[in-house]
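This report guides a student through one protein chain. Please keep the sequence and the model in view while reading.

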Amino acid sequence: MKKILLGMCVFGALTAFAQNQNPENAKMKPEMTEFWDPEVAVVTPGESNLNAPSDAVVLFDGTSESLVQNWANGKGEAPGWSVADNCMTVVKGTGVIKSKMEFEDYQLHIEWRTPAEVNPESKSQGRGNSGIFMQERYELQVLDNYENRTYRNGQAGSFYKQYAPLVNVCKKPGEWQTYDIIWTAPRFKADSTLFSPARATVLQNGVLVLNNVQLLGPTEYIGIPKYKIHGPGSLILQDHGNPVSYRNIWIRRL
Ligand code: MG
């Protein structure tokens with residue numbers, strides 16, 4: 001009984017405290033701050049957090065059909081990348097692949113694997129290099145940085161030469177890794193100048209590596225980034241000459 005009384009006193013005190021913050025609240029009822037409509041859309045989650053939820057667009061499901069259906073090479077022709085064992089792999093010299101669909105704001109899940117066989121001569125940017133370009137311009141680096149140093153703003157989990165990852169959470173070469181990316185497209189004013197920069201949050205293997213970073217413009221190999229007005233864009237996966245593989249790619253428009 002004592003406990004109940006004490007509990008009631010604490011609850012009473014907390015309620016009074018909350019109301020004292022804003023004297024207007026004393027005139028209100030709880031229902032006055034409840035919103036019921038429109039009802040929040042129902043989405044069925046995937047079997048695990050790796051699997052596409054019901055409202056996702058699956059861009060690659062492991063089959064050649066889905067590669068050809070959803071992706072093209074840089075010239076708009078069928079991609080030259082190979083498909084085997086539920087994944088697609090860069091074929092050196094065939095160039096980038098580009099999603100046929102274009103996107104603005106989204107949540108993207110993508111899995112990647114750098115080659116198990118590591119040439120001891122290859123180091124820094126030469127080991128398992130590829131990349132995922134948001135809206136054809138902004139590269140989230142894919143690289144084998146397991147016991148392989150490179151410049152910090154060019155390693156896996158970086159937006160190339162703009163933001164280094166918060167931590168290096170790379171798995172060993174040959175192991176599958178995940179990126180979950182929340183992408184907000186840049187916005188432009190009527191006079192074509194920048195209204196708001198692109199923003200990105202990225203988890204690598206479930207670990208936060210980029211927290212709501214604001215991009216400075218398209219990622220550049222040489223020079224300073226600068227925004228130029230553009231609309232929705234494709235996803236691009238880079239051919240950097242290394243046989244990097246990708247699988248289980250899905251995207252949710254936001
Ligand atoms: Mg790259």
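In which strand is the place of Asn248? Asn248 belongs to strand S15, where strands (E, at least two residues) and helices (H or I, at least four residues) are DSSP runs numbered from the N terminus.

## Basis and confidence

The model is predicted, so local features need pLDDT of at least 70 and side-chain atom pairs count only at pLDDT 80 or more, while totals for chains, interfaces and linings use all residues. Residues are numbered from 1 along each chain as its sequence is written, and side-chain values use heavy atoms, with hydrogens and water left out.

The predictor's confidence in each residue is given as pLDDT, from 0 to 100. The chain has an average pLDDT of 94, and 92% of its residues score at least 70. Confidence is highest in S6, with a mean of 99, and lowest in helix H1 (residues 2-21), with a mean of 54. Where pLDDT is low, the predicted coordinates should not be read in detail.

## The nonpolar core

A nonpolar core is a set of buried Ala, Val, Leu, Ile, Met, Phe, Trp, Tyr and Cys residues joined through side-chain atoms within 4.5 Å. In the largest one there are 41 residues, and Met134, Trp183 and Tyr246 have the most contacts inside it. Elements giving two or more residues to this core include strand S1 (57-60), strand S7 (130-134), strand S9 (177-184) and strand S15 (245-253). S6 supplies the largest share, four residues.

Contact means heavy atoms within 4.5 Å.

Ile251 is found in strand S15. Its relative accessibility is 0%, so Ile251 counts as buried; buried means under 20% relative accessible area, exposed over 50%, and partly exposed in between (1.4 Å probe, protein chains only). Leaving aside neighbours within four places in sequence, the contacts of Ile251 include Val57, Leu59, Tyr106 and Leu108. Ile251 and Gly46 are 205 residues apart in sequence, and their C-alpha atoms are 13 Å apart in space.

Leu208 lies in strand S13. This residue is partly exposed because its relative accessible area is 34%. Not counting residues up to four places away in sequence, Leu208 touches Leu166, Val167, Thr201, Val202 and Leu203. From C-alpha to C-alpha, Leu208 and Tyr179 are 9.7 Å apart in space and 29 residues apart in sequence.

## Backbone features

Asn248 has a positive phi of about 45° although it is not a glycine, and its relative accessible area of 22% makes it partly exposed. Glu136, which is not a glycine either, has a positive phi of about 70°. Glu136 lies in the loop between S7 and S8 and, at 25% relative accessibility, counts as partly exposed.

The peptide bond from Asp37 to Pro38 is cis, with omega near -5°. Pro38 lies in the loop between H1 and S1.

## The largest pocket

On a 1 Å grid over the protein atoms alone, a pocket is an open set of points where a 1.4 Å probe fits, with protein on both sides within 12 Å along at least five of seven lines; lining residues have an atom within 4 Å of a point. The largest pocket holds about 150 Å³ of space, a volume being the space filled by probe spheres set on the points. Its lining includes Gln125, Phe133, Glu139, Tyr151 and His240. The lining residues divide into four nonpolar, six polar and two charged; Ala, Val, Leu, Ile, Met, Phe, Trp, Tyr, Cys and Pro count as nonpolar, Asp, Glu, Lys and Arg as charged, and the others, Gly among them, as polar.
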